[in-house]
Amino acid sequence: MSGRVFLLGDGVSTDAIMPGRYNVTTDPDALRRSCLIEARPDFVESVRPGDVIVAGRNFGCGSSREHAPLSIKRNGVAAVIAESFARIFYRNAVNIGLPVIRCAEAHQVLRDGDQVSVDAITGSIRSATLTLQGEPPSGVALRIIEAGSLVELIKRGGWAALEEGRRVS
Amino acid sequence: MGTITEELFSRRLGRRVHAGDTVIAEVDVAMAHDVTGPLAIEAFRSLDLPLWDASRIVFNFDHVMPANTVAAAELHRVIREFCVEHRITNLFAEGICHQVMVDRRLAQPGGIVVGADSHSTTYGGVGCFATGLGSTDIGVVFATGRTWFRIPETVRIDVRGALPAGVYAKDLALHVIAQMGADGADYCAVEWGGEAVAAMTIDERLTLCNLSTDFGAKTGIVEPDAVTFAHSGGEPIDLHPSHPEYVRTLVVDAGSLRPQVAVHPSIDNVHDIDDVSGTPLDEVFIGSCTNGRLSDLAVAASILSGRTVHPRTRTVIVPASRGVYLEALSAGYIEIFARAGALVLNPGCGPCLGRQHGVVGPGERVLSTSNRNYPGRMGSPDAQIFLASPAVAAASALAGAITDPAALEAAA
């Protein structure tokens with residue numbers, strides 16, 4: 001999948017992605033419209049399906065609110081690439097099928113608006129001039145990504161499938 | 001052989017597990033609140049499976065309680081109807097979820113508790129493995145009673161000596177966060193120990209474990225001891241670390257600490273109070289799952305007693321739970337706060353996350369006893385948030401500016 005880079009900095013919190021004043025709802029479209037509403041006010045109107053978010057350290061730190069990755073996914077973002085992710089955000093993103101890739105240098109070498117193509121399973125990131133190798137989810141997280149979401153994994157094989165090492169994709 | 005976390009999981013699973021192992025484990029209790037609960041319910045419904053165990057599922061209304069918008073009322077309705085449908089009786093509207101979990105002894109030493117809130121790590125203060133998860137993970141627990149864990153590596157914080165007068169668990173935690181960085185314990189368990197921690201009350205241990213998530217930890221935990229078992233009322237268990245291997249050990253000399261302030265815009269931007277004394281404040285908030293407990297209100301009351309808060313500084317005080325509120329009433333603290341000119345609000349999350357009362361405007365400065373100072377956390381992204389102990393908060397409310405309580409005493 002190919003799209004443009006939205007470049008963000010270090011320590012982008014879930015309060016920045018989805019401020020607490022905007023997540024008193026489960027309505028997907030309301031959440032979509034509030035994504036990065038204060039931190040990057042141009043995001044919702046300019047993002048297109050296939051675009052990617054590229055950020056620095058500790059992306060998604062703070063609250064466990066799943067509204068944050070949901071709002072990113074609902075905007076059609078193909079992947080979030082960050083030097084590192086906060087634990088709960090990473091797990092939430094995997095659970096709902098939002099691709100996440102760890103890559104130390106992406107935020108240093110890619111620029112806002114660059115066109116990139118990303119392979120969420122292999123972690124490969126390519127622009128016109130660069131090829132980067134990121135680290136895609138592994139272990140249980142990879143199993144969930146293969147199934148599409150945690151709900152799908154549980155529906156198709158449950159915890160038993162994981163314990164037995166079966167693939168459920 | 002292992003850290004507290006390895007000992008706890010090994011005991012629960014009946015086999016030795018080590019950091020790096022992935023396990024699927026049954027939990028004791030799964031908790032969600034009014035904002036994360038409805039998404040967890042959606043995830044549960046999409047599985048089309050029966051409910052795991054109504055007695056081990058807990059909902060709390062705290063983030064927007066009582067509802068301040070139609071949308072918030074709707075979230076409450078969804079949860080109430082779910083609880084009726086599934087005969088879930090653990091539905092509480094009596095304060096912050098984490099304090100209610102402790103007040104009601106729903107988190108027990110040696111247990112495994114998961115909550116759809118990042119500060120679920122708080123219950124490590126009573127010696128259980130407790131961690132925050134998202135709504136989908138919790139919805140799956142509602143159906144299966146289980147979730148997966150990667151057994152975390154452990155960071156040991158060894159706190160030697162004793163905290164000086166006027167320096168609290170909050171100051172210790174902020175000092176540690178400054179040393180570690182805001183992601184310094186990412187994916188790790190944080191084990192708080194040493195003389196100063198052994199000497200702490202449950203309230204103070206809860207503060208340390210609460211703030212563990214704010215430097216990335218999966219859990220914070222204090223080895224359960226006589227203090228823990230006196231609180232839990234249960235049988236003692238032994239989770240003493242045995243030949244543990246730590247990824248990092250941080251030794252802190254408690255006696256050298258001064259009151260600390262985390263300065264806008266990040267929790268690891270920590271300064272000794274002297275660096276920021278005199279900064280004028282528009283609002284002071286005393287409360288939250290970090291510092292809204294009885295001992296916190298006692299400290300605030302001792303400073304505010306017989307005095308009046310500065311007219312430019314609206315001062316909001318929120319007991320963490322109904323239990324805390326009732327004890328504060330009996331002790332006379334609530335009257336002290338009211339006479340001092342503070343606004344005492346109903347138990348709950350209060351102004352911490354800018355969703356209901358106490359929202360801050362652009363350009364304003366607020367000092368909070370809470371745990372997060374991300375831009376936009378308490379309202380306008382152009383407000384500045386300072387984090388400190390209840391003692392600093394109370395002294396600052398009186399002065400209308402960030403103030404060392406010791407300086408206040410000296411001037412009196």
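Let me begin with confidence: chain B has a mean pLDDT of 97, and 100% of its residues reach 70 or more. What we are looking at is a predicted model, and for the complex the predictor gives an ipTM of 0.96 together with a pTM of 0.97.

I will turn to the interface between the chains, where 37 residues of chain A are in contact with 44 residues of chain B. On the chain A side, at least two residues each come from helix H1 (14-17), helix H5 (87-96), helix H7 (139-147), helix H8 (150-156) and helix H9 (158-163). Of the elements of chain A, H5(A) gives the most to the side that touches chain B, namely six residues. If we sort that side of chain A by class, we find 13 nonpolar, 14 polar and ten charged residues.

Staying with chain A, the chain is divided into domain 1, covering 2-137, and domain 2, covering 138-169. The C-alpha centres of these two domains of chain A lie 23 Å apart, and the contact between them takes five residues from domain 1 and eight residues from domain 2. On the domain 1 side of that contact, the residues divide into three nonpolar and two polar, with no charged residue.

Now to chain B, and to one residue that I would like to follow in some detail. Val309(B) is found in the loop between helix H12 (294-304) and strand S15 (314-317) of chain B. Why does Val309(B) count as buried? The reason is that Val309(B) has 21 C-beta neighbours inside 10 Å, and the cut-off for a buried residue is 20 or more.

Which residues does Val309(B) touch, if we leave out those up to four places away in sequence? They are Thr315(B), Ala340(B), Gly341(B), Ala342(B), Ala397(B) and Leu398(B). As a point of reference, Leu367(B) is 58 residues from Val309(B) in sequence and 14 Å from Val309(B) in space, taken C-alpha to C-alpha.

Two of those contacts, Ala397(B) and Leu398(B), bring us to helix H15 of chain B, where both of these residues are buried. Helix H15(B) spans residues 390-399 and is mostly covered, with ten of its ten residues buried; among them are Pro390(B), Val392(B), Ser396(B) and Ala399(B). After H15(B) comes Gly400(B), which has a positive phi, near 75 degrees.

Definitions and conventions
Residues numbered from 1 in each chain as written. Chains lettered and ligands numbered in written order. Predicted model: local features only at pLDDT ≥ 70, side-chain atom pairs only at ≥ 80, totals over all residues. Contact = placed C-beta atoms within 7 Å. Helix = DSSP H or I, 4+ residues; strand = E, 2+ residues; numbered from the N terminus. Nonpolar A, V, L, I, M, F, W, Y, C, P; charged D, E, K, R; others polar. Domains from an automatic or database assignment. pLDDT = per-residue confidence, 0-100. Buried ≥ 20, exposed ≤ 12 C-beta atoms within 10 Å, placed from the backbone.
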